[in-house]
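The sequence and structure come first.

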Amino acid sequence: LHREPGYPRFFLLLSVFVVGLLLVVLAGDLTLIFIGWELIGLSSALLVAFFFDRPQPVRNGIRVFAVYRVGDVALLGAAVLVHHQLGDTSLAALAAASGPDGLGQLTYANAATIGLLLLLAAMVKSAQVPFSGWLPRAMEGPTPSSAIFYGALSVHAGAYLLLRCSPLLLATPVGAVATTTVGLATALVATWVARAQTDIKSALAFATLTQVGLIVAEIGLGLRTLALV
């Protein structure tokens, strides 16, 4: 990208993405995670539409932005519900409420609803079935960003969110079963799709998606250490 139009814009968006990713990784409560989640989504959509002089990248960027909004609403809804039930959005409070001694703080219905909302947010960000369609469209962006973000970091953000909220998912059987089912279905579909791709970028993206699907399934099965590794 050196000396190309948009060179400073690329690194500005790169920096915004890094800030958002660091917030998601290091934040201790759902409110800060949501802020980082939004920064990742905004910078990702703008990077997909980076070459705005061509119509296809712009259409794909709008598509990615629209799909991301579904996950954003789910994460925001989970944060609001957690705050309403516990008076706190910290992950420590959520984990304590999900443990054997804290089951009285959350009813089963509320715990299941929060878990499914978090799963929906992770499904969108990690391109799990049926939201996998935005991943190949993201390949319209510059190769450095599509390799770093959609092939490595961005698609793992959802799995990382599930990993941090896994006590809640494992406390409700419906959340654990849904997480495992989504992960296995994504791994199976992505394996088939990767074998039919005609370009190496899309093939590698779907191969990565297969691995992410297995990680999500491991989280649903309670194998958190294996998923983290």
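How many salt bridges does the count come to by the rule used here? The count comes to two salt bridges, a salt bridge being a side-chain nitrogen of Lys or Arg within 4 Å of a carboxyl oxygen of Asp or Glu. The model is predicted, so local features need pLDDT of at least 70 and side-chain atom pairs count only at pLDDT 80 or more, while totals for chains, interfaces and linings use all residues. Residues are numbered from 1 along each chain as its sequence is written, and side-chain values use heavy atoms, with hydrogens and water left out.

One of the salt bridges joins the side chains of Arg69 and Glu38, at 3.6 Å from N to O. The pair links distant parts of the chain, with Arg69 in helix α3 and Glu38 in helix α2, 31 residues apart. Helices here are DSSP runs (H or I, at least four residues), as strands are (E, at least two), numbered from the N terminus.

Helix α3 covers residues 55–86, which is 32 residues. From its first C-alpha to its last, α3 reaches 47 Å, close to the 46 Å expected at 1.5 Å a residue; the expected span is 1.5 Å times one less than the number of residues. Gly87 follows α3 and has a positive phi, near 70°.

Axes are lines fitted to C-alpha atoms, for helices over the stretch in contact, and angles run from 0 to 180 degrees between N-to-C directions.

| Helix pair | Axis separation | Angle |
|---|---|---|
| α2 (30–48) and α5 (108–125) | within 13 Å | roughly 25° |
| α5 and α9 (173–195) | 8 Å | about 20° |
| α9 and α10 (200–220) | within 7 Å | roughly 160° |

Angles under 35 degrees count as roughly parallel, over 145 as roughly antiparallel, 65 to 115 as roughly perpendicular and the rest as oblique. The angle therefore makes α2 roughly parallel to α5. The crossing of α2 and α5 is left-handed; a crossing is left-handed if the near helix is turned anticlockwise from the far one by less than a right angle, and right-handed if clockwise. Contact (heavy atoms within 4.5 Å) involves Leu30, Trp37, Ile40 and Gly41 of α2 with Leu118, Ala121, Ala122 and Lys125 of α5. By class, this contact of α2 with α5 has six nonpolar, one polar and one charged residues. Ala, Val, Leu, Ile, Met, Phe, Trp, Tyr, Cys and Pro count as nonpolar, Asp, Glu, Lys and Arg as charged, and the others, Gly among them, as polar.

For the second pair, the angle makes α5 roughly parallel to α9, and the crossing is right-handed. On the α5 side the contact uses Tyr108, Ala112, Leu116, Leu119 and Met123, which meet Pro173, Val174, Gly175, Ala178, Thr179 and Val182 in α9. The classes are nine nonpolar, two polar and no charged residues.

The contact of α9 with α10 divides into 13 nonpolar, eight polar and no charged residues.

The loop between α5 and α6 (134–137) contains Pro130. The peptide bond from Val129 to Pro130 is cis, with omega near 10°. Ala127 is also found in the loop between α5 and α6, and its phi is near 55°, a positive value in a residue other than glycine.
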